[in-house]
Amino acid sequence: MGSLRVTLCAIAALGAVAVVPTAHAADGGVVIGPSSPRPGGDITVRVGGCPQRTATAVSEAFVADARLTVDADGTLAGESRVRSTARAGTYDVKVACGETSRTGAVTVVGKGAEQSVRHGPEPSAPASPVAPVRAGGGGTSQLAMVDARAAGPGTAHTVTGLILAGVAATAVALRSARRSRRHR
């Protein structure tokens, strides 16, 4: 029964936190949640009062631009991630909303700083890639780049195939001949 109470309290707290940024974003301001993320942390950007149905939020602190789309409550919302190499400090967030633009700020805290809300254990690996991914099915990407005409079957493969086909044809002919002799 105790875990049920904890679960219900957690849901109520999350619901209360989710409503606060919406109230501020509805008046046309830029709201970033959490307002003080760590390097590598996920963030949400909300903007209200935009005439368009999409917008883009840009900041030097972000790994990639945040694409904002219309949320259930009519505000524009999107997500991005703070660069794992971002230094502690305040970064501008510019939202291009049609012909107009809005500006907000996000304050990145140091890696050692504690936040008031914690969701699970800290990740052991960096939150953003530190090196390119070698894709291609276990190293087969180099094989896919070879020209098929240059690496295709050669004369030796053709001769081997013809010999095997001749042996198979001979075996079938001999077997047919034996069966026809038995049934006479």
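Colleague: Why is Arg46 called buried?

Modeller: In this predicted model, Arg46 has a relative accessible area of 15%. Buried means under 20%, so Arg46 counts as buried.

Colleague: What makes Arg46 and Asp71 a salt bridge?

Modeller: The side chains of Arg46 and Asp71 meet at 2.9 Å, N to O. The cut-off is within 4 Å, for a side-chain nitrogen of Lys or Arg and a carboxyl oxygen of Asp or Glu. The pair therefore counts as a salt bridge.

Colleague: Which parts of the chain does the pair tie together?

Modeller: Arg46 lies in strand 2, and Asp71 lies in the loop between strand 4 and strand 5, so the pair ties together parts that are 25 residues apart in sequence.

Colleague: Is Asp71 buried, exposed or partly exposed, and how do you know that?

Modeller: Asp71 has 29% relative accessibility. Buried means under 20% and exposed means over 50%, with partly exposed in between, so Asp71 counts as partly exposed.

Colleague: How many salt bridges does the structure hold?

Modeller: The structure holds two. In the other pair, the side chains of Arg81 and Asp42 meet at 2.8 Å, N to O. That pair links distant parts of the chain, with Arg81 in strand 5 (residues 76-81) and Asp42 in strand 2, 39 residues apart.

Colleague: Why is Arg81 called partly exposed?

Modeller: The relative accessible area of Arg81 is 30%.

Colleague: How are the helices and strands arranged along the protein chain?

Modeller: There are four helices and seven strands. From the N terminus on, the elements run α-β-β-β-β-β-β-β-α-α-α.

Colleague: How much of the protein chain counts as buried?

Modeller: Of its 184 residues, 23% count as buried.

Colleague: Which residues touch the most other members of the largest nonpolar core?

Modeller: They are Val45, Ala57, Leu68 and Val95, in a core of 21 residues. Among the strands that each supply at least two residues of this core are strand 2 (42-47), strand 3 (54-58) and strand 4 (66-70). Strand 6 gives the most, with four residues.

Colleague: What makes Ile163 exposed?

Modeller: Ile163 has 52% relative accessibility, and exposed means over 50%. Ile163 therefore counts as exposed. Ile163 lies in helix 4, and together with Val159 and Val167 makes a nonpolar surface patch of about 270 Å².

Colleague: How do you know that Arg178 is exposed?

Modeller: Arg178 has a relative accessible area of 57%. The cut-off for exposed is over 50%, so Arg178 is exposed.

Colleague: Where is Arg178 found, and which residues gather with Arg178 in a patch of positive charge?

Modeller: Arg178 is found in helix 4 (residues 155-182). Arg175, Arg179, Arg181 and Arg182 gather with Arg178 in that patch on the surface.

Colleague: Which peptide bond is cis?

Modeller: The bond from Gly33 to Pro34 is cis, with omega near -10°. Pro34 lies in the loop between strand 1 and strand 2.

Colleague: Why is Ser35 called partly exposed?

Modeller: Ser35 has a relative accessible area of 48%. Exposed means over 50% and buried under 20%, so Ser35 counts as partly exposed. Ser35 is found in the loop between strand 1 and strand 2. The C-alpha atoms of Ser35 and Ala105 are separated by 8.2 Å, with the two residues 70 residues apart along the chain.

How values were computed:
Residues numbered from 1 in each chain as written. Predicted model: local features only at pLDDT ≥ 70, side-chain atom pairs only at ≥ 80, totals over all residues. Heavy atoms only, no water. Patch = residues over 30% accessible without salt bridge, like charges linked within 9 Å, V, L, I, M, F, W, Y side chains within 5 Å. Areas by Shrake-Rupley, 256 points an atom, 1.4 Å probe, with all protein chains shown as cover. Lys, Arg positive; Asp, Glu negative; His and termini not counted. Charge placed at Lys NZ, Arg CZ, Asp CG, Glu CD. Buried < 20%, exposed > 50% of the residue type's maximum accessible area, 1.4 Å probe, protein only. Core = buried A, V, L, I, M, F, W, Y, C linked by side-chain atoms within 4.5 Å.
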